[in-house]
Amino acid sequence: MNTEKDFSPLTPNIVRALNDKLYEKRKVAALEIEKLVREFVAQNNSTQIRHVIQILATEFALSQHPHSRKGGLIGLAACSIALGKDSGLYLKELIEPVLTCFNDSDSRLRYYACEALYNIVKVARGAVLPHFNLLFDGLSKLAADPDPNVKSGSELLDRLLKDIVTESNKFDLVAFVPLLRERIYSNNQYARQFIISWIHVLESVPDINLLDYLPEILDGLFQILGDNSKEIRRTCEVVLGEFLKEIKKTPSSVKFAEMANILVIHCQVADETKLTNDLIQLTAMTWMREFIQLAGRVVLPYSSGILTAVLPCLSYDDRKKSTKEAASACNHSLMKLVTPEDDEDEDEERGSTQSPPKGESPSKSEGDGNDMLNTSQESVGFSNISFFTPASADRLQVTLDLDGIVQVLDRHLHDSSTGMMTRIAVLKWLYHLYIKTPRKMFRHTDSLFPMLLKTLSDESDEVILKDLEVLAEIASSPAGQTDPAGSCDKTDKVELKLPEGAKPGQPSVATKLTDLSPSTPSMNSYFYKFMINLLKRFSLERKLLENRGAFIIRQLCLLLHAENIFHSMADILLKEEDLKFASTMVQTLNTILLTSAELFQLRNQLKDLRTQDSCALFCCLYRSWCHNPVATVSLCFLTQNYKHAYDLIQKFGDLEVTVDFLMEVDKLVQLIESPIFTYLRLQLLDVENNPYLIKALYGLLMLLPQSQAFQLLSHRLRCVPNPELMRTVDESKYMESKQLAISKRAFHAQIDYSELLQHFDRVQSKHLEVRHQRSGRATDHPDRKLM
């Protein structure tokens with residue numbers, strides 16, 4: 001530096017000392033400057049004061065020479081001390097050159113700059129607040145300084161500044177938040193520590209309402225929560241906890257909607273291997289739980305995003321028990337927000353609030369909104385972070401994002417990696433939506449239906465139960481009575497050919513069923529479609545039929561009308577071209593009918609055939625049961641059609657008796673000995689009124705080889721008493737019992753049993769022809785049997 005240059009009012013000795021490499025000499029110069037400035041203050045000579053500060057800043061603090069810079073810093077601090085309470089008038093000139101030195105490559109100089117600023121701030125106190133952003137920006141850099149001395153000095157300055165902010169009521173939060181929002185995304189641990197400590201301080205000041213600006217810094221706070229430093233994470237947890245407490249105290253002033261998507265993002269774990277992500281997810285899920293409970297229906301437009309985050313957490317194991325419990329609470333609370341009001345038609349509302357642009361149809365506008373939603377989902381992928389733009393953000397009225405919800409639920413059902421508890425929750429949601437918003441949900445039924453049917457093959461019984469509940473609700477909801485799009489009718493009208501021998505002009509049971517199902521109050525147009533597709537699935541997946549078929553049908557009988565289920569399945573099987581499947585399916589249905597507790601009422605209805613409806617049901621079942629001869633006989637036993645059972649058994653001699661056939665007869669004998677047929681066994685006491693029952697049982701006995709079943713039935717028939725011994729002494733009582741037996745069969749006369757026998761012959765002839773074709777044998781040897 002040129003020492004001969006005029007630095008007045010600074011004396012040459014002061015200038016020389018400020019440039020000296022020794023700290024002590026620079027300190028002496030600072031004292032001289034302090035004395036000089038005090039004189040100017042006393043004289044109220046602001047011009048000279050500014051001139052001194054300008055010389056110290058430009059010629060020393062911003063000099064190229066390091067010792068001169070050090071001298072300039074201590075000189076500026078001396079000026080501030082000398083100015084005292086008047087330093088506020090010159091703070092801009094005092095602070096800016098010092099802050100410039102924060103970027104110096106020399107760590108010692110950065111330390112002196114920190115020391116100088118400390119002295120300036122200490123003198124000015126509250127007067128520095130208008131320059132707070134500059135100070136904060138400089139301090140945030142020093143917080144990450146690699147030199148421990150500089151870092152230590154910055155911490156002292158930081159504490160001083162915090163004390164000033166805490167004491168003052170003039171802090172400009174509006175101006176500070178943009179800087180805070182920028183700095184909060186720093187990845188440096190020390191910078192993060194600095195940021196979170198300041199947020200903690202500001203949040204604790206009563207006069208500073210940082211909660212209003214929480215949406216702007218919440219994402220950054222969750223980023224800091226994932227820091228590797230345990231201390232930083234703990235501080236961040238405390239800060240977030242304090243914010244949450246404040247939110248609970250003043251929910252009316254909280255901007256829930258602006259923070260919903262932030263929580264959705266952090267509720268989803270991008271990298272499950274990082275332990276810190278578990279903390280982020282748990283904290284975000286806890287916040288989400290509180291938001292749903294406090295904000296209520298305000299969060300409904302974000303429900304699809306919330307479900308995207310919440311549903312996978314429901315399948316977590318005990319290692320993430322807390323997160324799982326929080327997610328479960330979120331799920332239940334969100335579900336409760338959906339009400340029947342959400343099913344109201346919005347067409348009129350849309351027409352009054354927002355008319356589409358000229359040349360653009362409403363459906364196109366709606367499609368554009370869906371496209372935006374789909375783009376958001378596709379861009380992130382199923383396993384990655386995803387969130388949704390609320391479909392009704394521009395509306396004053398909160399609207400349920402039903403399309404988005406269904407999209408999320410459907411995606412989870414399609415994903416093979418979805419956990420069991422998540423699938424159960426998805427199905428519960430679908431059931432709940434069909435209950436609360438049936439009209440709107442039926443717009444999605446055609447797209448959901450295939451996956452719901454596929455879910456019946458799930459490994460979990462509980463999943464299948466929930467799936468059946470959804471399907472049963474679809475099949476019985478009044479909202480599904482008519483399908484505006486007509487898609488249901490197209491699916492229902494599947495081309496199923498009648499078996500050969502059926503009379504086209506004859507009124508079919510199918511006509512009766514078509515009249516029955518859609519018009520029955522408990523059923524709708526989807527019921528028949530459901531039955532057709534269920535049987536198709538059983539036909540394509542024989543293991544499903546073997547392992548879960550009985551379970552599925554029994555549960556459906558509890559959820560829907562058992563008579564309608566058997567009626568419709570019988571009608572569909574009547575037209576089934578795969579005769580082997582038809583026989584197997586009839587055998588399954590027959591076993592369920594005879595053994596399941598769920599079918600008790602239906603069995604009682606069929607047992608006596610006292611009404612026209614019961615007779616019509618018997619005829620419908622009989623025609624399909626003909627696919628399986630033994631099942632047909634058992635149906636006759638159930639309905640007490642003993643003569644017809646005997647006539648059928650007589651025809652068994654013309655059938656191909658296979659090992660499977662004999663096994664079915666064996667099972668029928670076992671069933672006759674079960675509690676289901678207690679009434680049949682008791683009727684063996686009334687020999688005179690039930691001769692064909694005995695003949696039919698003897699017919700079964702003659703079909704059986706000398707097996708255990710043969711011995712069992714033979715022993716039972718040996719117990720049949722002599723009719724003369726069982727005749728009552730009171731002839732009038734005997735006649736009464738006979739008349740009662742006749743009256744019970746009053747409706748039997750309405751059944752054309754000869755036509756039923758002809759139908760049985762036609763069906764069995766078809767079965768025989770198919771078996772011959774499969775085995776390669778000629779069809780002109782129908783009497784060949786496998787014994």
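Predicted model: local features only at pLDDT ≥ 70, side-chain atom pairs only at ≥ 80, totals over all residues.
Two residues are in contact when heavy atoms of theirs lie within 4.5 Å.

Find R192 in helix α10, which covers residues 189–204. Leaving aside neighbours within four places in sequence, R192 is in contact with S186, N187, Q223, I224, D227 and I232. Is R192 buried or exposed? Its relative accessible area is 9%, and buried means under 20%, so R192 counts as buried.

Now step back to the whole chain. The protein chain has 40 helices and zero strands. Of its 787 residues, 52% count as buried. Among contacts in the chain with a separation of 6 or more, 75% are between residues 24 or more positions apart.

Next, look at charged partners. Side chains of opposite charge can pair when their charged atoms come close. A search of the whole structure finds 34 salt bridges. One of them joins R181 and E216, with the closest N and O atoms 2.0 Å apart. This pair links distant parts of the chain, as R181 sits in helix α9 and E216 in helix α11, 35 residues apart. R181 is partly exposed at 34% relative accessible area, and E216 is partly exposed at 31%.

Another salt bridge brings together R716 and E673, at 2.7 Å from N to O. R716 lies in helix α37 and E673 in the loop between α34 and α35, so the pair ties together parts that are 43 residues apart in sequence.

Finally, look for D137, K141, E182 and R183, which are linked in a network of salt bridges.

Note on methods. Residues numbered from 1 in each chain as written. Heavy atoms only, no water. Helix = DSSP H or I, 4+ residues; strand = E, 2+ residues; numbered from the N terminus. Buried < 20%, exposed > 50% of the residue type's maximum accessible area, 1.4 Å probe, protein only. Salt bridge = Lys/Arg side-chain N within 4 Å of Asp/Glu carboxyl O.
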